[in-house]
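Trainee: I would be grateful for a close look at a single part of this model. Please set out what it packs against and how it relates to the rest of the chain.

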Amino acid sequence: MAESDLDGAVIQKLVRLSEEGGGTLIPAMVAAFLEQELPAAVDQIRAAVASGDQRAVAEAAHKLHGSAATLGAASLALVCDQLQGRSPAPSKKSPRDLLGDLEAEAARAATALANVARDAGLQQFVHPPARECEGGPMHCGVVEPAS
Amino acid sequence: MTAKRKILIAEDTMVQRMAITAWLQRHAFEVEEAADGAEALRMLQFTDALPDVVITDIGMPHLNGINLCRRIKQDPRTRHVPVIMLTSLGNEHNHRVALDAGAADFVTKPVTEKELLYRVNSVLLSRAHAGPPRQDRYRAILDALADGVIVTDQRGACVEANSSARELLGYPSEGSLQLRDRPIVMEPADWAEVVQRALAEQPAWRGRAKLRRQDGQASAVDAQVTCASVDDQPSYVWHLLGGGAPGHANKPELVDADKLYEMIGLRSADPTRLTADEHDRLVKFTEAVKNAAAAGRIRRYQRRSAETGEVLGRMYLRNEIEHIIRNRG
């Protein structure tokens, strides 16, 4: 189920590229994304939404969009577009609701990407999914959807 | 065997930097990575082997991609290195700013391998055709001319100027004049017609003209104007006869004291301008101080620092300028 959240064509290209380079690229990219960029970006967006700073929301969402799209996390990239107000189909949701969507999509993308990295055969680069991770729900960039 | 083409990437998001690096390495490029514009600039400043292309994101901490590009284009050592900007989809403003900053091309995010490779190869190919060493050689020859040379478009906006012309018009000797939006030719008001009429009968128009200086004042020059095709655009080449270098009759009557302060690494808040004679005298004085410092003749007055000659030279020149300003009342 999780892999279906990712853009298959992008993943396929990345897998091929990773294999050509000795198999470390995808695990390294996924690790950088899940351990650093995703949790940092979600934190920034959460703080910016809380303070009503739309410009900061857009900036953080813009950065996250680039990395998400590079890794084929299309649904996550779409929410980033909506948070920037740049989606082809603009959302009528409030920033707070969009933050909930972002957290949900971040969790799904994290699980899916962790599986992709695991399939690449190098689990050591990636922490286990959130429920198994001792570092807490944000440790791997895997966040629970807002209730 | 040909050497690998080297590319410097400035991108603050690790995931995108990794992907771009892998794409380029796959196509046999040597890649160096910088996490922001400031790091990229440091790498450029301290490397002996400049990259063939710089690829930079725009939004980065410390030094953004636009300012990185400007810094690259301002430095004579690096200005021939083409810069490709990574810009956001639909952000036309960024595209324009990127090109104005001197970017050779831009790639819209999200970046794809195919698009990036196409742009990189395209820039390398056009660079190979244009030949940066040749450009540099012509630029060096132009800058070595004591007379000012400027190129204007048909509206009279400046599209190129050598060092002497920049100096004559009160601009820094390096960097872009950024005058494309404002006509620089003030007189004759109908200069284009006058020149075109003359060029119909003879190879060049020669006459008196007034050009707009950086401070907005007019600078009177004797000029010889010819027509040429520059970048496939009909353009006018203005040979400023005798203008530019200090000591020539056609330089402006007054020059900014600020320029002299700049020469000695100081910044003045005083807008006072110097006469041509004062300017000449101080230029000679500065040269003499510099030469004396280089020969170690000034150092004996100051023993504490290895840079004393320079320091003392600055002090002398500042005193000299301030003396002139004081005496003028």
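Predicted model: local features only at pLDDT ≥ 70, side-chain atom pairs only at ≥ 80, totals over all residues.

Mentor: The buried residues of helix α4 of chain A pack against α2, α3 (54–70) and α5 of chain A. Residues are numbered from 1 along each chain as its sequence is written, and chains are lettered from A and ligands numbered from 1 in the order in which they are written.

Helices are DSSP runs of H or I with at least four residues, numbered from the N terminus. Helix α4 covers residues 74–84 of chain A, and its buried residues are Leu76(A), Ala77(A), Val79(A), Cys80(A), Asp81(A), Gln82(A) and Leu83(A). A residue is buried if 20 or more other C-beta atoms, placed from the backbone, lie within 10 Å of its own, exposed if 12 or fewer do, and partly exposed in between. Just after α4(A), Gly85(A) takes a positive phi of about 70 degrees.

Asp101(A) is partly exposed because 19 other C-beta atoms lie within 10 Å. Its C-alpha atom is separated by 9.7 Å from that of Ser75(A), 26 residues apart along the chain.

A nonpolar core is a set of buried Ala, Val, Leu, Ile, Met, Phe, Trp, Tyr and Cys residues joined through C-beta atoms within 7 Å. The largest one has 80 residues, and Met29(A), Val30(A), Ile45(A) and Leu113(A) have the most contacts inside it. Of this core, α2 of chain A supplies 15 residues, the largest share. Apart from it lies another core of 22 residues, including Cys158(B) and Leu240(B). In soluble globular proteins, nonpolar side chains tend to be buried together.

As to confidence, chain A has a mean pLDDT of 77, and 76% of its residues reach 70 or more. Over residues 122–147 of chain A the pLDDT is below 50, although this stretch has 62 contacts in the model beyond near neighbours in sequence. Two residues are in contact if their C-beta atoms, placed from the backbone, lie within 7 Å.

How values were computed:
pLDDT = per-residue confidence, 0-100. Helix = DSSP H or I, 4+ residues; strand = E, 2+ residues; numbered from the N terminus.
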